[in-house]
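I opened my notebook beside the viewer today and jotted down what I looked up. Here are the entries, in the order I made them.

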Amino acid sequence: MKSAIRLFFFLSVYVIMFSSCEDDGVEYVEAKEGYALSAGTSTIYSSTSHAYDTEAPWVTGTTFTRFNRGDQLYDDGPTENSGLGPVYAGYSCGSCHHNTGSTTPAMWTSKEGSGVAGMTTALVYISRKNGKFFQNYGRVLHDQSIYGVKPEGKFKAEKHYEDFTFPDGEPYQLCYFTYEITEWYADSIAPEDLFITVRTPLRHVGMGQMMALDPKEIEALAAKSNYPEYGISGRCNYITERGKYQLGLSGNKAQHADLTVELGFSSDMGYTSSRFPEEICEGQTQMNEGAMMGLSYNELEVTTEDMEDVDLYMQALGVPARRNVNDPTVKRGEQMFYKAKCHLCHVTTLHTRPGGSTLLNGTRLPWLGNQTIHPYSDYLLHDMGSEIMGVGLNDNYVSGLARGNEWRTTPLWGIGLQKVVNGHTYFLHDGRARNLTEAIMWHGGEGEASKNIFKKMSKSDRDALLAFLNSL
Ligand code: HEC
Ligand code: HEC
């Protein structure tokens, strides 16, 4: 039955061409009435709350068995011998990435910004003002803990609002956060010595495709990504991971080369593994006290096989097809997207390498190879400026080559389904934007010219552009 349906899709494939001037326009394959392929053979047709966490059509047999195992580890962590904590930021991958999306940021669900039951559902990066980490707290604030152990501190966010108007008179408002940490478990850190920056979880749309990208295509894009007339010039991030200097792709500053399974288990959740054998709170006074009482926190808690299954799970997820592609407003909105030059950073079409991707432990996923994909990102860093409300999109935090004001273009595929999958429309690296309009209006620096074109459009053109984004 399933293969009959697939044959039907195959037979009904035909190509629609949108505007063909210069590089304006994507050649979409409309796979069935109103839907277009987003990621070749990994495209799925779902617009439900499971649109991000459904397997790609090629996931069958043993791959499916491993997919399900990865799914369970992702949602619950290893069930036997739970190695969670003793301190942690989230109790499982899925606690922050609900339905492999982005769990509602706590800054918006609670008055104090610390979330229901204190869960921030974000990563709170902390350091001294001089960039050094605190011996007792490390790089990430762990505001959760297992029974009998104290969380490292309590996180609070304060909101700051300002009202603006579009030239056509439509009002909009922007909001940004400032943060505070109280109730430190040990030495209190003076606010003057504390630097805080916050990241809300990224959606897992197209993780396998991102890992199967050809670094040469991205590097060529960086060489080409230079549009002085719009002030745009993207560049690559490079980092050394597992002893190899390589192109960064994942994370808000493209600061990682892989899907951070090992790092996530270690730094976010407190599990130890062969790559990160030390507990994250190693050296904390309460760890030393535990050790004196004969408690050992140092057994390896997730195996490489476990982590490869989680890696496989994320890379084998299907990418939701584009919807409503023939809707006249959506089509007009797409033209507006090009008119506002959004596509110079949110690059519409890329390709995966012939061999597909290779997982953490060496397993290959050939199905991800040789695909034409529409991620709406160049995976490059752009200076997003510091003009707006005196803060802009600058967190003064350096990650690899990325400076404080530089961010990776967020892939927009699947963005229109975030409301259905996660129940909210908070966007940008720290979740400060409450809707798509606010997300666009925060674009500064290299995004300034593009933002201004959007700003000067008529309300109906802006709305059409938003309708287009919601079709992704
Ligand atoms: C405490 C919340 C939290 C937990 C728990 C968590 N993440 Fe994340 N995740 C985030 C945040 C926040 C980001 C963005 C980080 C950044 O850009 O600095 C992120 C980013 C990612 C990305 C990058 C996606 C992209 O588009 O580049 C991947 C992949 C990922 N997480 C996988 C995992 C896995 C696997 C686990 C479990 C082992 C996990 N995460 C656990 C919060 C979390
Ligand atoms: C100079 C490159 C550049 C241009 C031009 C650009 N963007 Fe972006 N866009 C980015 C970067 C980088 C981010 C991530 C910023 C952050 O999270 O702080 C982003 C984030 C976004 C987001 C939020 C995504 C999310 O999930 O959080 C949306 C929506 C968006 N852009 C839409 C647009 C639209 C629409 C246009 C055209 C009007 C546009 N962008 C033009 C680089 C660009």
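Which element gives the largest share of the shell around ligand 1? I looked this up first, keeping in mind that I am working with a predicted model. The answer is α7, with four residues of that shell.

**Entry: the shell of ligand 1**

I then listed the elements that each supply at least two residues of this shell, and found α3 (93-96), β6 (123-128), α5 (207-211) and α7 (261-268). Sorting the shell by class gave me 15 nonpolar, 11 polar and three charged residues. There are 29 residues around ligand 1, and those that come nearest are Cys93, Cys96, His97, Tyr125 and Asn252.

**Entry: polar atoms facing ligand 1**

For Tyr125, a side-chain N or O atom is 2.7 Å from an oxygen atom of ligand 1. For Asn252, I noted that a backbone N or O atom lies 2.7 Å from an oxygen atom of the ligand. Asp268 uses a polar side-chain atom, which lies 3.3 Å from a nitrogen atom of ligand 1.

**Entry: Thr197**

I moved on to Thr197, which I found in strand β10 (residues 194-199). Is Thr197 buried or exposed? Its relative accessibility is 4%, so I put it down as buried. Setting aside residues up to four places away in sequence, I see Thr197 touching Leu123, Val124, Tyr125, Asp395 and Tyr397. With Asp395 there is also a polar contact between the two side chains, at 2.8 Å.

**Entry: helices α2 and α9**

How do α2 and α9 lie relative to each other? I looked at helix α2 (residues 61-76) and helix α9 (residues 304-315), whose axes come within 7 Å and cross at roughly 100 degrees. That angle falls in the range 65 to 115, so I call α2 and α9 roughly perpendicular. On the α2 side, the residues making the contact include Arg66, Arg69, Gly70 and Leu73, while α9 brings in Asp309, Val310 and Tyr313, among others. By class I get seven nonpolar, two polar and seven charged residues in this contact.

**Entry: Asp309**

I finished with Asp309, which has its place in helix α9. Its relative accessibility is 5%, and Asp309 therefore counts as buried. Which residues is Asp309 in contact with, leaving aside its neighbours within four places in sequence? My list reads Arg66, Arg69, Gly70 and Leu73. With Arg69, I also noted a side-chain to side-chain polar contact of Asp309 at 2.4 Å.

Technical notes
Residues numbered from 1 in each chain as written. Chains lettered and ligands numbered in written order. Predicted model: local features only at pLDDT ≥ 70, side-chain atom pairs only at ≥ 80, totals over all residues. Heavy atoms only, no water. Buried < 20%, exposed > 50% of the residue type's maximum accessible area, 1.4 Å probe, protein only. Polar contact = N/O pair within 3.5 Å; in protein donor to acceptor, adjacent residues only side chain to side chain. Contact = heavy atoms within 4.5 Å. Axes fitted to C-alpha atoms, helices over the stretch in contact; angles between N-to-C directions. Parallel < 35°, antiparallel > 145°, perpendicular 65-115°, else oblique. Nonpolar A, V, L, I, M, F, W, Y, C, P; charged D, E, K, R; others polar. Near = heavy atom within 4 Å.
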